[in-house]
Amino acid sequence: MFATLEPAHKLSKQDFASAELSLRQQLLTMQFELATKPYPVIIIVAGVSGAGRGAVLHRLNEWMDPRGIETYAFWDSSDEEEQRPYWRFWRAMPRHGQIGVFFSSWYTQPIVARACADIDQTRFDAELQRITEFERMLSKSGALVVKLWFHLSADVASKRLRQDRQSRAGQLHIPGQGHSRGELYRKFAQASERAIRHTDTRHSPWHLIDAS
């Protein structure tokens with residue numbers, strides 16, 4: 001899947017500057033139209049560390065009306081949330097006509113756990129099935145689920161992480177000692193690809209983005 005991902009189209013700064021105003025106006029128009037609709041929009045932002053997801057979120061919040069969009073990042077969970085793993089996501093669901101951006105979503109913990117071998121394949125697949133059912137429930141309730149995966153090749157990801165060794169806000173880092181960076185990337189990519197394949201459904205498909 002990732003191996004066949006088409007390289008990103010390059011856009012010069014001049015071309016982007018000339019298109020920026022139109023893009024911002026289109027986004028705002030759609031956001032204002034959404035405000036009148038009887039359903040919310042849920043945007044899942046996931047992917048590889050160093051893929052620029054934080055910058056994308058910053059731009060979205062800068063371009064759009066802040067009154068209609070909220071960004072959520074879920075990191076450490078409480079004991080209560082461990083027992084009810086989807087409760088904290090339910091509490092953050094946007095209202096009708098609103099946009100909720102989930103930076104660390106229900107995908108984060110299972111993928112990282114599988115990449116670090118904290119869970120086996122059987123449990124991982126069970127988690128993916130539960131995610132599929134959860135998203136189907138959201139879709140049936142009227143929510144529009146948009147899932148974005150920002151991908152980088154192993155070489156590009158390693159280069160970017162070397163350039164910036166400090167953690168950036170919102171990046172997903174894979175814990176684990178005794179593993180090389182290349183080995184961790186390979187395990188993370190394998191778990192991610194399996195997750196994407198198992199949860200790429202008609203009601204909530206994945207959109208793969210080459211972030212190089």
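Trp149 is buried, at 2% relative accessibility. In this predicted model, Trp149 sits in strand 4 (residues 144-151) and pairs with Trp206 in strand 5, 57 residues apart.

**Aromatic pairs**

- The ring centres of Trp149 and Trp206 lie 5.9 Å apart, with the planes at 80 degrees. That angle is over 60 degrees, so the pair counts as edge-to-face.
- Trp206 is also buried, at 9% relative accessibility.
- The count of aromatic pairs comes to nine.
- One of them joins Tyr72 and Phe102, with 5.7 Å from centre to centre and 40 degrees between the planes. This pair is tilted.
- The Tyr72 and Phe102 pair links distant parts of the chain. Tyr72 belongs to strand 2 (residues 69-73) and Phe102 to strand 3 (residues 99-104), 30 residues apart.
- Phe102 has a relative accessible area of 0%, so Phe102 is buried. Tyr72 is partly exposed, at 25% relative accessibility.
- Ring pairs also build a cluster from Tyr72, Phe89, Trp90, Phe102, Trp106 and Phe134.

**Helix 6**

- Helix 6 covers residues 121-140, which is 20 residues. From first C-alpha to last, helix 6 reaches 29 Å, close to the 28 Å expected at 1.5 Å a residue.
- Buried residues of helix 6 are Phe124, Glu127, Leu128, Ile131, Thr132, Phe134, Glu135 and Leu138.
- Viewed down the axis of helix 6, these buried residues fall within an arc of 165 degrees, so they line one face of the helix.
- Thr122 and Lys140 are exposed, on the face of helix 6 turned away from the buried side.
- At the start of helix 6, a side-chain oxygen of Asp120 comes to within 3.3 Å of the backbone nitrogen of Thr122.
- Just after helix 6, Gly142 has a positive phi of about 110 degrees.
- Phe134 ties this helix to the aromatic topic: Phe134 is buried in helix 6, and Phe134 is part of the ring cluster.

**His203**

- His203 is in the loop between helix 8 (181-199) and strand 5 (206-210).
- His203 counts as buried because its relative accessibility is 17%, under the 20% cut-off.
- The His203 side chain makes polar contacts with two side chains: Thr201 at 3.3 Å and Ser204 at 3.2 Å.
- Leaving out residues up to four places away in sequence, His203 touches Thr132, Glu135, Arg136 and Ser139.

Definitions and conventions
Residues numbered from 1 in each chain as written. Predicted model: local features only at pLDDT ≥ 70, side-chain atom pairs only at ≥ 80, totals over all residues. Heavy atoms only, no water. Helix = DSSP H or I, 4+ residues; strand = E, 2+ residues; numbered from the N terminus. Buried < 20%, exposed > 50% of the residue type's maximum accessible area, 1.4 Å probe, protein only. Polar contact = N/O pair within 3.5 Å; in protein donor to acceptor, adjacent residues only side chain to side chain. Contact = heavy atoms within 4.5 Å. Phe/Tyr/Trp six-rings, centres within 6.5 Å; stacked < 30°, edge-to-face > 60°. Expected span 1.5 Å × (residues − 1). Arc of directions from axis to C-beta.
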